[in-house]
Amino acid sequence: ITAGVLLTVLKCSLTHVDVAMATLLCGAFFFAMRSCEYSKVSGERRTKIIKVVNVRFFLKKKELHHNDPRLPLADCVTIHFEFQKNDERNENVTHQRNSHPSMCPVRLWAAIVQRIRGYKGTTDDTTVNTVMLPNGQLSELKASDLLIKLRAAVSVLGKDHLGFGPNDIGLHSLRSGAAMAMYLAGVPVYTIMLLGCWSSDAFLRYIRKQVKEFSKGISKKMLKNDKFFTIPTISNINTI
């Protein structure tokens, strides 16, 4: 999944529920989240969905309360992962704000928190996939519904543009897409691991070498040292 796919999801969102799904998908992208961390999945999972209390905002090194109107103006957003699939506990991952009008992690998560806290009956322990339906009832966004949104955006952009079709992706494509986006931007490997909460280099399987941009500029770099001398091993040195 690329940032362009997520922008399409945002642009195609008209209803309150659609917007809730779009902002959640975009917010999860920046943190390379697993689907079980931001949506309701089938079966039992050890990983718990992020709660509102786990999303924290800081402005000039001071934490903002969720009822602070300056939330979208925060310098950064931090998400506290209490327990993850890899058995890591109490991990904090932070993203700085950027200047993009739609795809800014701070503004996206501020919108999620402010929307949820605006619902009657919600608390700090309310999960981030909570949404109010048209009938006024609170519900939880399901992974299956979010996947439909993603696949619809992929269909809009088309296989000729992306190189893959809607049936080629799953929600985990959001996590792999985040890794690929960071890699193509030149983010150091250890930073990708820390931001995506990978405890090993297993994330490398998400780096797709068939992506056209993967080898951008490499052939040119391979010609920079067109002559180099190989130091002979001791056994090959002619002695006098």
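The legends below describe views of a predicted model of one protein chain.

**View 1. Overall fold of the protein chain.** The chain contains 8 helices and 6 strands. Read from the N terminus, the order of these elements is α-α-β-β-β-β-α-β-β-α-α-α-α-α. Of the contacts between residues at least 6 apart in sequence, 57% link residues at least 24 apart.

**View 2. Surface and interior of the protein chain.** The chain has 240 residues, and 42% of them are buried. Its accessible surface amounts to about 14400 Å². Carbon and sulfur atoms account for 55% of that surface.

**View 3. Helix H2, residues 16–30.** H2 is made up of 15 residues. From the first C-alpha to the last, H2 spans 22 Å, close to the 21 Å expected at 1.5 Å a residue. Buried here means under 20% relative accessible area. Because 13 of its 15 residues are buried, H2 is largely enclosed by the rest of the structure.

View 4. Rolling a probe the size of a water molecule over the atoms shows where empty space is left. The second largest pocket holds about 190 Å³ of space. It is lined by 12 residues, of which Lys40, Val41, Gly43, Thr47 and Ile49 are the closest to its centre. By type, the lining of this pocket consists of 3 nonpolar, 4 polar and 5 charged residues.

Terms used: Residues are numbered from 1 along each chain as its sequence is written. This is a predicted model: local features need pLDDT of at least 70, side-chain atom pairs count only at pLDDT 80 or more; totals for chains, interfaces and linings use all residues. Side-chain values use heavy atoms; hydrogens and water are left out. Helices (H or I, at least four residues) and strands (E, at least two) are DSSP runs, numbered from the N terminus. Buried means under 20% relative accessible area, exposed over 50%, partly exposed in between (1.4 Å probe, protein chains only). Contact means heavy atoms within 4.5 Å. Accessible areas come from the Shrake-Rupley method with a 1.4 Å probe; for residues, only the protein chains shown count as cover. The expected span of a helix is 1.5 Å times one less than its number of residues. On a 1 Å grid over the protein atoms alone, a cavity is a set of points where a 1.4 Å probe fits but cannot get out, and a pocket is an open set with protein on both sides within 12 Å along at least five of seven lines; lining residues have an atom within 4 Å of a point. Grid points are joined across faces, edges and corners, and a volume is the space filled by probe spheres set on the points. Ala, Val, Leu, Ile, Met, Phe, Trp, Tyr, Cys and Pro count as nonpolar, Asp, Glu, Lys and Arg as charged, and the others, Gly among them, as polar.
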